[in-house]
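Colleague: I am new to this structure. Please take one part of it and give me a close look.

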Amino acid sequence: MEDNVALDTLEGLRDIINANLESMIEEQCSIHGEVAEVSGRILLAGGKRLRPILVHLAYELAGGENIDEIMPLSLASEFIHTATLVHDDINDEALTRRGEKTMHSLVGQPKAIIGGDWLFVQGFGLGGRYKEEVVDVMANYCSKLASAEFSQLDHVLDLSTSPEDYLEIVKGKTAGPFAAGCKGAALVANATDLECQDLFNFGLELGIAFQLVDDLLDIRGDERMGKPRGSDIYEGKMTLPLIHALTLLHGNQRIRLAEIIRDFDDSLFDELIALLKSAESLKYSEILINNHLERALQHISKFKDCEAKQLLKHVVDMVQNRHS
């Protein structure tokens, strides 16, 4: 499938998802008023809709043929994801998200907490329409997501954070939702246990790579992030390039890197990049990204060739090209 055709197909799927989200928010506003209106504004403010797109494509790859059957699970993934962003933004005291004002900066923290809860409830209401094993997958990943959030807060400005600590957080926060969405979709399509596991592993590897790319973009700066450059560093989050450099550097270089992380500001970017390049930490992250994406492709290699498979390969290429 040519790139332009794939892009157009994915954009068409994104438009369908957006139309369904808009329709649902419009309906909920007439029932629930301000909380639905404010929460809906955040939900509809943009975003790649990558999670619901993955749910759709995994469903089709596993043999599903009825878009109406999978749509509630797709929408659920976006509602739950947005709920986590609302609560993350409160914790991080972030003023913008996707280039727009965050919910708490619009209506205050108390209402934003409730708005995030409302989004979670909507997501679970949609996901709860499915059979028990699908609901269990959703509940399990949401529990792991909360656990990872706790762990990440414990590791703020913790210079002893290990790559293993980092990976566990990423598996819970970013990769877990990707993996669970793909597996849940396969279950809805009545796929075999092996196919469900392959799609789970595909989502997990893709999600890890996606977060590694985000880490690089946060350091290098990219307008597609929808938030200021270096946000993660300002918030004290220990991302892999920082962890790797702290492990590899010694003496004065490591001391200086620790000082920069603990007391970061914009004037220190060039020095930070120089230290990360000295430890080859950015290159290390790029190698890991490619490794995880190659493993993701291996997990869908056994499925028959079809449009959904080609589109998933294109999504992998899109993730790979975000940092290049």
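**The cavity and its surroundings**

Modeller: Helix 4 (residues 67-92) supplies the largest share of the lining of the largest cavity, four residues. Helices here are DSSP runs of H or I with at least four residues, strands are runs of E with at least two, and both are numbered from the N terminus. The model is predicted, so to speak of a local feature needs pLDDT of at least 70, and side-chain atom pairs count only at pLDDT 80 or more, while totals for chains, interfaces and linings use all residues. Residues are numbered from 1 along each chain as its sequence is written, and side-chain values use heavy atoms, with hydrogens and water left out.

Back to the cavity. The structure has one cavity of 30 Å³ or more. A cavity is a set of points, on a 1 Å grid over the protein atoms alone, where a 1.4 Å probe fits but cannot get out; lining residues have an atom within 4 Å of a point. Its volume is about 50 Å³. Volume means the space filled by probe spheres set on the points, with points joined across faces, edges and corners.

The lining consists of Ile-42, Thr-82, Leu-85, Val-86, Asp-89, Arg-97, Arg-98, Thr-102 and Met-103. Four of these residues are nonpolar, two polar and three charged. Nonpolar covers Ala, Val, Leu, Ile, Met, Phe, Trp, Tyr, Cys and Pro; charged covers Asp, Glu, Lys and Arg; the others, Gly among them, are polar.

Now follow the chain past helix 4. Glu-93 sits in the loop between helix 4 and strand 1 (96-97). Its phi is positive, near 55 degrees, in a residue other than glycine. Glu-93 counts as exposed because its relative accessibility is 66%. Exposed means over 50% relative accessible area, buried under 20%, and partly exposed in between, with a 1.4 Å probe and protein chains only.

Asn-190 also has a positive phi, near 60 degrees, and is not a glycine. Asn-190 lies in the loop between helix 8 (163-188) and helix 9 (193-220). At a relative accessible area of 60%, Asn-190 is exposed.

Last, the cysteines. The whole structure has zero disulfides, a disulfide being a pair of cysteine sulfur atoms within 2.5 Å. Cys-182 is in none, and the nearest cysteine sulfur, in Cys-196, is 11 Å away. For Cys-196, that 11 Å to the sulfur of Cys-182 is too far for a bond. Cys-182 is buried at 0% relative accessible area, and Cys-196 is buried at 2%.

Definitions and conventions: 1 Å grid on protein atoms, 1.4 Å probe; cavity = no way out; pocket = protein on both sides within 12 Å on 5 of 7 lines; lining within 4 Å.
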